[in-house]
Amino acid sequence: MITVLTFAPALAALLILLLPSHWARRVAVVGAMVSLVITCCLLSQFDPRGGLQFAEKVAWMPSLKVDYHVGLDGANALVLLLATLLSLLAILASPGSLPRGYFALISLQACGMFGAFTALNFFHWFLFWELALVPAFFLIKLFGQGEDRHRAALSFFLFTVLGSVAMLLGFLFLSGGGRESFDFIELAARARSGALDPGGWVFAAVLAGLLVKVPLAPLHLWQAPAYAAAPAPVAMLLTGVMSKMGVYGLLRLIIPLFPRQLAAHGETLMVLALLTILWGAFVALRQTQLRRLLAFSSLNHVAYCVLAVGAVGLAIPGGVVDVPRLATQGVILQMFAHGLTAAGLFYLTGLIEQRAGRSGLADFGGLSAAAPRLAAMFYILAFASLGLPFLAGFAAEFLIFGGAFAVAPTLTAVATIGLLATAVVLLTVLQRLFTGPTPAQGGSLPDLTGEEVLLLAPVLALVLWAGLAPGHWLAFSAH
Amino acid sequence: MSASTLALIPCLPLLAALCTAGMRNGRRAAAVAIGALAMSALLALWALSQAWTGDAQVFPLADWLSVGGTRITFSLRLDALSALMASMVTFVGLLIFIFSTGYMAHDPRCARFFCYLSLFAAGMLGLVLSNNLLLLFMSWEIVGLASYLLIGFWFHKPSAAAAGKKAFIVTRLGDLGLLLGLLVAFTQTGTLELYAGGAGLLEKDPGTLVWGVGAAKLVSLLLFVGAAGKSGQVPLHVWLPDAMEGPTPVSALIHAATMVAAGVFLVARTFPLFEAGGTLPLVAWTGGVTALIAALIALGQFDIKRILAYSTVSQLGLMMVGLGAATTGAIGMYHLFTHAYFKALLFLGAGSISHGCHHEQDIRKMGGIARAMPVTTAAYLCGALALVAFPYTSGYFSKDAVLVAVYGADRPLFYLCAFSSLLTALYVTRQCVYVFAGAHRGAHAPHESPAVMTVPLVILAVFALGMGGLFGGALQAKLGAIHAAHPFPVIATSWAVALGGMLLGWVIYSGRDLRAPDPLALVPLQRKLWFDELYAATAGRLWSGLTALAVLLQEMVAALAELVQELAQATGQFFSRSVDGRLIDQLAVDGLARRFHEGGRAAVRFQSGFLPGYLRWVVLGTLLGGLFVHWLLT
Amino acid sequence: MTLNHYLVLSAILLGIGLLGVLTRRNIIVVLFSIEILFNAANLNFIAFWRFGPNPEALMGPMFALFAIAVAAAEVAVGLALVIAVYRHFKTVDLEKLDTLREP
């Protein structure tokens, strides 16, 4: 089933190229919908205590010990749901007037993302990882906005490819140049028993490859230009799903495979995360363009996950609170929460830009009066993003901070400044965009249509659901 | 009383908020909101009656989340403190809701207003009833959100939007303290429940050390930061006067009864931690300083609501003194209750006055209101007397309790409080003279407000005058106060500062030409002691400095990346031009080919096609061969 | 008349023939020169036979006669070729007949 789920969008991409172009959007929607429906079915049958489930393992290249191995467990269940849902929403958010190449590329990107989230063997995990990257490059370059898009696409591509190369080399060393298995589960088992003891450089290389994708300062330079230049649906995917691929990689690779190195360098990782948290929040304060501002605020939010991963490394068994559990659960929920809210915000931003034809913060004012529904949606998502209780982000941030505080109180205390700064950033956005007198000229903006509200409805529902009853979502990864 | 019934108290207004979110009809929304809150109020009264007679109870509701060995269970606590707070919040809130139907009747977004009000009430009730520090924090944040929305309700006014943002951010600064306190408590004890049959946060000693400080001390300090932010204690009080930008019922709801009381309530709720941590003197002194500073600033203000706002800050300071100086939370809470009624009365009265004066808020442009608005005036004066602590009004009893406690605990602080009480009497008299006496100085003739606005005023006035005397003793006893003797100096001081301050105000302002500059409104007081400027110069600078630093770093890294890119490009160019182009292409590949080509060309010259030429070579070769053979043979 | 006189004469004839072959541009003259070369060789045969150890065996005249016969045939073929060349190229100048040359 997972294979079907993964390749449905790829098949859709193929069909799009074969069928007449006015079918493109519909075919892409069907492809993504198939994936979403399968994911929902799988999750409804998912047994949180069952460990790895729905696994498919086929020998692929026996001489290299490469199997095709996919499966669902606690770490990827939620994030797969996020990826399938957001892919469908992103395709739905794309106007049908776009050429079919666009839909083929975005479907291909979805395939890459689903594959990367379900793969359990480094070999094809890496293939999918790169498969997600290449369409994104073309989507930004060909269908992006602004003169800067070529440069942004190139910088995005270079950064991520360099990271991938580092990771690939690291993994080749880790697996002894192909003599050992590439299987994540087997590697994790060997790491647990102490048989796997890669060197510090291997750890650094794999970590760097993942952190580029997350991204963590100072590897984040590609992010703001790429988010600003990408078409709005692609920006939704970039921030909602692609950045989660890096975090998911931390969960899947760093924590299980490098426990010793993580323990040794957890503090460094936390300091870097802290730096990124403050960096993102404070740089966001100075942005004049809405997309770039949201990109930096995104940088800040995802860095909380890295903070938690560092805390997992520093955890000492037998504390008052179970730090590794708390922190990993926090990371998983934060991925889910941030993916939803950030994607929603980017979608709304795209709508605002498209309607107004402008993107600067100073170009707007008093939108509450002109577009009350848009304002309401934006407010809810913005408050979810700044960690308001009873919305998705809060539980995740509480778990992350709870875990991190237990091992590094001072650092975590400083990191809470990031929460304050995020509040300042987002409230400034709300103030600039939605309050104040409506400008006489160009102030009126059409409100959300029913279709657009419908598209956002699942996002809002999940944001509320995950906020009110996070326990329900955390149950997937409870064991 | 079951858990679900108790949970209905905050849930009913929440439901009302959800229902009214999509409504457009203001009257229907008001009916829904008022109905829900009225039911909450009845339930709260029932809960109060249970708590009054029975023991404190904990009602577990549901697991919010459970991770590993950590379970966060949301539970409610019903004891005298929470039941009293819940009843007060619902009752005062109900009156404010009713008042709002009149005040906001002509606003097109009236329905949305009631949605926010209900959300606020829900958050406040959740906060009050919570037995879990995390649930308390979450409700606390909801209250913050609602106050942000309410203060910025008239979002088309940039000042209102800015005030809402300021309120949210300044209180969130305090909230960070609360969050950190919560995290310390959580990581030290593994639980966030306040009472859990002996295993709760307040029932066991968190003892162990972090950062070399006792955990209880640290937690209570951090919680106090949160409380100070919410309750407008110096230096985090700056948001509160700006919050006057909201509609008047909002000011009443936020300032009088509820939101600002949340901080005081938090200290009272977690009183055992403060006691164990030894942080009470800090609480008391912060309160004392706040009381004095706010009372001073109130003297220099001319906006009727701003005066009341600073008076609120000052009274909140007194509540903190009452908490910090006593051995239980009862005295501070007692002042909180009486204050809630008379300050709600004053704010609603001020709203009624400015409504009658065509939304004029400057007291210099009022005057002669007493004749035009008799009901409002009478009610307002009742509230003013209670605020001044005129003997035998409710304010007198509660303030007296505070003074008694502080007299026994800390003498200098007692003098500080007495002096700020004197100032309170002075500025209240000043305000009343400006507003009610003499002839009207404004452009439009004032008119009395409709009954829907005056009836709540009258009800509140009754409470403002009578509550202290009627329920004071029982209330304090229920909250756990130990009856203390009233030393004569305290009683004398109470009387002296109240009556003396009023007398002084009367002497200064009565018969004066109120159009002339005010003798007491000194520039530093008018400028609010430059707190805003101070913040702009310090925290604001620091903040923008940090921002600039972050941007600088960002640019530096970007420049570095640019440099790397340039370097890569230069290296690439070097390789493409020099190595590839010159060495490999020109020298190695093309060069070799050319050499062969040239060699071939050279060889071609022999093949001239001239047969005798070939023959010559043959002959030459033969001769040379012959010579070679000859040389070989000899 | 000793053997040496014949050999010197033969060498002179060889030199004349060779010089003719190498330097002249007219094909016909080159053919003549070749005939002279043959005759130099024939003279050598006869001379070595006459002054050799066994003059009765008639080895030398036999070779010379053969060579003369072959030379006659050769001249016939050669002249035929020359005529064909002339017909084709309209010249018998060797310097102009350079189709074998590399362009």
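Two strands pair when DSSP finds at least two bridges between them. Strands (E, at least two residues) and helices (H or I, at least four) are DSSP runs, numbered from the N terminus. The model is predicted, with local features needing pLDDT of at least 70 and side-chain atom pairs counting only at pLDDT 80 or more, while totals for chains, interfaces and linings use all residues. Residues are numbered from 1 along each chain as its sequence is written, and chains are lettered from A and ligands numbered from 1 in the order in which they are written.

**View 1. The hairpin of S1(A) and S2(A).** Strand S1 (residues 53–61) and strand S2 (residues 66–72) of chain A run antiparallel, joined by 6 bridges. Look for A:Val58, which sits opposite A:Tyr68 in S2(A). Between the strands there are 4 residues, and A:Lys65 takes a positive phi near 60°.

**View 2. Chain A as a whole, with 19 helices and 2 strands.** Its C-alpha atoms fill a box of roughly 70 × 60 × 40 Å along the principal axes.

**View 3. Helices H18 and H20 of chain B crossing.** The axes of H18 (residues 411–436) and H20 (residues 488–509) come within 8 Å and cross at roughly 35°; axes here are lines fitted to C-alpha atoms over the stretch in contact, with angles from 0 to 180 degrees between N-to-C directions. The crossing is right-handed, so the near helix is turned clockwise from the far one by less than a right angle. Residues that meet here include B:Leu422 and B:Val433 from H18(B), and B:Gly501 and B:Trp506 from H20(B). Contact means C-beta atoms, placed from the backbone, within 7 Å. By class, this contact has 11 nonpolar, 7 polar and 1 charged residues (nonpolar: Ala, Val, Leu, Ile, Met, Phe, Trp, Tyr, Cys and Pro; charged: Asp, Glu, Lys and Arg; polar: the others, Gly among them).

**View 4. Where chain C touches chain B.** Chain C gives 11 residues to the contact and chain B gives 10. The chain C side splits into 5 nonpolar, 2 polar and 4 charged. Chains A and C share no contact, their closest C-alpha atoms lying 54 Å apart.

How values were computed
Two residues are in contact if their C-beta atoms, placed from the backbone, lie within 7 Å.
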